[in-house]
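Me: I'm new to this one. Can you walk me through it, a bit at a time?

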Amino acid sequence: MNLHQLVSELIIDTKGSPDGSFLSIAPDSSLSVFTPELIICATILLMLLVRLFEAGRRFNTGYIALAGSLIALYFAAPGSLFSLPTSADVAKPTDIVRMEIFTGMLVYDAFSVYVRAALLLFAALFVIFTWLSGIPDLEDGPDIYTLVLGATLGMCLMASANHLLTIFLAVEMASVPSYVLAGLLKGRRVSSEAALKYSIYGAGTAGVMLYGISLLAGLLNTAHLPTMAATIAQRLSTEGGFLPSEMMVLALGGLMLSVGLAFKLSAVPFHFWCPDVFEGATAEVNAFLSVASKAGALALLVRVTIGLGIIAPPGVYPGQRTAGLQKQPPAVNVTMAANAENLQVKFQQPEATAEKSEAKESAKESAKAEAAPAPVVVEKSPSIVRAEANARLSPVRWFIARLVALFAVVTCTFGNLAAYGQNNIKRLFAYSTIAHAGYMLMAIPAVMVLAGTGNGGAERAIAALGIYIAVYLFMNLAAFAVIAFLRNAMRSEDLADYAGLLKRCPLTVICFSLILFSLVGLPPLSGFIGKFAIFASLVEAYQAAGKDGFFLLLLIVIGGLNTAISLFYYLRVVKIMTIDEEPRDRRPFVFSDVSLASAYLWVLALPTLGLIINWEGLNRLALAAASQLF
C-alpha cells in the first residue's frame with residue numbers, strides 16, 4: 001500500500017466518503033457516529049472561551065455544561081436501540097450496527113450507545129445537582145464543569161475502546177480530571193490529602209497497567225483487541241500452542257492490565273484510595289466518582305474481557321452502507337435497463353442460440369478430457385470458522401471468569417464488612433460503592449461462561465449488568481444528593497448528627513430510607529431488579545457449566561450473604577434517622593421538605609420506586625445494548 005492509498009483509506013474511514021469536500025460526511029462515517037464526543041469537546045472549549053471575557057466570568061457556565069450534555073445525549077440517540085436492524089445487510093446508514101471506527105481504535109455498537117447515553121444523562125443530572133447544592137460557586141464553575149465533562153469524555157471512550165492504546169488513553173483521560181476534582185475544596189487539608197493520595201495511587205496503577213499492555217502487545221504482536229483474540233485462537237489451534245514461558249507472560253500481562261481496571265472500580269485490593277478520597281472530597285464529587293467512573297470502568301471491563309475471550313462478530317466498515325446505496329440504481333432505471341436487456345436478448349436470440357450450442361459441444365469435449373476426478377474442497381462458512389475459533393478461546397474465558405470471580409467475592413465481602421463500623425456517612429458510602437462494585441463484577445464470570453454456549457445467555461448477563469448500572473445511577477446519585485443537601489443545612493457529615501431527622505424533615509428521611517432499602521436490594525424497589533438479574537445470570541451460567549462452574553454457585557451464595565450483611569449497616573442509618581433522639585449539641589438547622597432540593601431528590605427516587613412496576617422497557621433497552629457484542 002502506497003502513501004496515496006493510505007491517505008485515501010484514512011479519509012474514507014473518517015468521513016465515510018472519498019469526496020474531497022470537508023462537509024460531505026456520510027451518516028455511517030467515523031466522524032458522524034462520534035458526534036456526541038465532539039459536542040462535549042466543543043462545550044469544553046466554549047466554557048473556556050467564555051471565561052476569557054469579563055462579562056463571561058459573571059455568567060454561570062453550568063448552563064453551557066447542561067446544554068452541551070443534553071445536546072450530546074440527543075445525538076447519542078439511545079431511542080434507536082428500540083429499533084435495531086435484524087442484520088447488517090438490511091441496515092440503513094443511520095442504523096446502529098457494529099462498526100470499527102477511526103481505523104479500529106474505537107468500536108461503535110449498541111453497547112457503546114447505551115453506556116454513552118447513561119453517562120451523558122448522568123452528566124446532565126449532575127450539573128443540576130451542583131446548582132442546587134451550591135458547589136462549585138460561580139468562580140470555580142468553569143474549571144469544575146470542564147473537568148467533569150473532560151472525565152466524561154474519557155469514560156465515553158472507555159465504553160468504545162477497541163485497542164490497548166485507546167484503553168490506556170481513555171483511562172488516563174477519565175482519571176486525571178478526577179484527581180483534581182477530589183481536591184475541589186481549596187484550603188482544606190483533608191481535601192488536598194485526598195487528591196494527593198488519589199493521584200499517587202492512580203499513577204502507580206497506570207504504570208502497572210501500561211507495563212501489562214506492553215507485555216500483551218509484544219507477545220501477540222498487535223494491540224487491536226479483535227486481532228489479539230484471533231491471534232490467541234490461532235496459536236492455540238497449532239500444535240504446541242504457546243510455550244510455558246509465553247503462557248506465563250500472557251497471564252502476567254492480563255493480570256497487570258486488570259490492575260488498572262480494578263483501580264477504577266475500587267475493587268479490593270486496589271481500593272485503598274476510595275474511603276480517604278470520599279471523606280476528603282465533596283459529596284458532589286463522590287457522586288461523580290461512584291457512578292460515572294464505575295459505569296465507564298465496567299464498560300471497559302466488558303470490552304476487554306469480551307475482546308480477548310470472543311472472536312468479534314462481523315460488522316460493517318465506515319461508509320460501506322452509504323457506498324452501497326449510491327451504487328444501487330433507482331427502481332425506474334432498473335426496470336428500463338431490464339426491458340432494454342430483454343429486447344437486446346430477443347433480437348440477438350438466433351446468434352446466441354448458435355453460440356450456446358457450440359459452447360455445449362466444447363464443454364462436453366472438455367468434460368471428457370478432464371475425466372479424472374478433482375479433489376473435493378469443502379469451504380467452511382464464516383460462522384463455523386468463528387465458532388471453532390471461539391471454542392479454542394475457552395481456556396482464556398475460564399481464566400478471566402475465575403479471576404474476576406475472585407475479585408468480586410473479595411470486593412463485595414470486604415466492602416460490606418468494612419461499611420458496618422463507619423461513623424462518617426461519606427466513608428460509609430465509600431465502602432458501599434466498593435461492595436456494589438463487587439456485585440456488578442459478578443456479571444462478568446457469567447458472561448464468560450455463557451459466551452461459549454451460544455444460546456444468548458451471555459447477552460442476558462450483559463443486559464443484567466446494564467440494568468444494574470442504570471438503577472445504580474439513580475440510587476447513588478440520590479443518596480449523595482441527600483448527603484450534600486443535609487451537609488449544607490447541618491454543617492456536618494457525621495452519622496451521629498443524622499439522629500432524629502425524622503422530626504425535622506420527614507419527607508427527605510422517607511426518600512433517603514427508600515433509597516437505602518433499594519441499595520440493599522429489597523423488593524419491590526428497583527435495586528432488587530439489578531441484583532436479581534445478575535444472580536439469575538449466575539444461576540444460568542452454573543447450569544450451563546455443571547461441575548466446572550462450582551465457583552459460580554459460590555458467587556451466588558456469597559452474594560446472598562453479603563446482601564444480608566448490607567442490610568445491617570443500611571438499616572442502621574434508617575434507625576438513627578427515625579428512632580434515635582436528636583443530639584443536644586447539634587447546631588440548630590432548617591431543611592425544608594418543600595424546596596427545589598427536595599423535589600430533585602424525589603425526581604431521582606421515582607425510578608427507584610417505579611421501575612419495578614414496568615421494567616420491561618429498561619430490560620428491552622439493555623438486551624438491545626448487548627445484542628451486538630456476540
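This is a predicted model: local features need pLDDT of at least 70, side-chain atom pairs count only at pLDDT 80 or more; totals for chains, interfaces and linings use all residues.

Me: Good. Where is threonine 563, then?

Reply: Threonine 563 sits in helix H25, which covers residues 550-578.

Me: Is threonine 563 buried or exposed?

Reply: Buried. Its relative accessibility is 17%, and buried means under 20%.

Me: And what is threonine 563 in contact with, leaving aside neighbours within four places in sequence?

Reply: Tyr439, Val520, Lys531 and Phe535. Two of the names on that list, Lys531 and Phe535, come up again in H24, where they are buried.

Me: Tell me about H24. What span should it have, and what are its end C-alpha atoms doing?

Reply: Helix H24 runs over residues 526-545. Its 20 residues, at 1.5 Å a residue, should span 28 Å. The end C-alpha atoms are 29 Å apart, which agrees.

Me: Which other residues of H24 are buried?

Reply: Among them are Ile529, Ala533, Ile534, Leu538 and Ala541. Ser526, Gly527 and Gly530 are buried too.

Me: What comes just after H24?

Reply: Glycine 546, with a positive phi of about 75 degrees.

Me: Where else is there a positive phi just after a helix?

Reply: Just after H11, at serine 266, where phi is about 50 degrees. H11 covers residues 244-265. Its 22 residues should span 32 Å, and the end C-alpha atoms are 31 Å apart, which agrees.

Me: New topic. Which peptide bonds are cis?

Reply: One joins isoleucine 135 and proline 136, with omega about 10 degrees. Proline 136 is in the loop between helix H6 (110-133) and helix H7 (141-160). Another runs from valine 268 to proline 269, with omega near 10 degrees. Proline 269 is in the loop between H11 and H12.

Me: Now the core. How many residues does the largest nonpolar core have?

Reply: It has 210 residues. Phe288, Phe429 and Tyr498 have the most contacts inside it. Helix H21 (residues 457-490) gives the most to this core, with 27 residues.

Me: What does phenylalanine 288 touch, not counting residues up to four places away?

Reply: Its contacts include Phe122, Phe126, Val148, Met155 and Leu181. Thr152, Ser178 and Ser293 are on the list as well.

Me: On to charges. How many salt bridges does the count come to?

Reply: The count comes to 20. One of them pairs lysine 197 with aspartate 276, at 2.8 Å from N to O. Lysine 197 is in helix H9 (residues 189-220) and aspartate 276 in helix H12 (residues 273-280), so the pair ties together parts 79 residues apart in sequence.

Me: How exposed are lysine 197 and aspartate 276?

Reply: Lysine 197 is partly exposed, at 25% relative accessibility. Aspartate 276 is partly exposed as well, at 27%.

Me: What about glutamate 582, which residue is its salt bridge with?

Reply: Arginine 504, with the closest N and O atoms 2.9 Å apart. Glutamate 582 is in the loop between H25 and helix H26 (596-610), and arginine 504 is in helix H22 (residues 501-504), so the pair ties together parts 78 residues apart in sequence.

Me: And lysine 575? Which residue does it form a salt bridge with?

Reply: Aspartate 580, with the closest N and O atoms 3.3 Å apart.

Methods: Residues are numbered from 1 along each chain as its sequence is written. Side-chain values use heavy atoms; hydrogens and water are left out. Helices (H or I, at least four residues) and strands (E, at least two) are DSSP runs, numbered from the N terminus. Buried means under 20% relative accessible area, exposed over 50%, partly exposed in between (1.4 Å probe, protein chains only). Contact means heavy atoms within 4.5 Å. A nonpolar core is a set of buried Ala, Val, Leu, Ile, Met, Phe, Trp, Tyr and Cys residues joined through side-chain atoms within 4.5 Å. A salt bridge is a side-chain nitrogen of Lys or Arg within 4 Å of a carboxyl oxygen of Asp or Glu. The expected span of a helix is 1.5 Å times one less than its number of residues.
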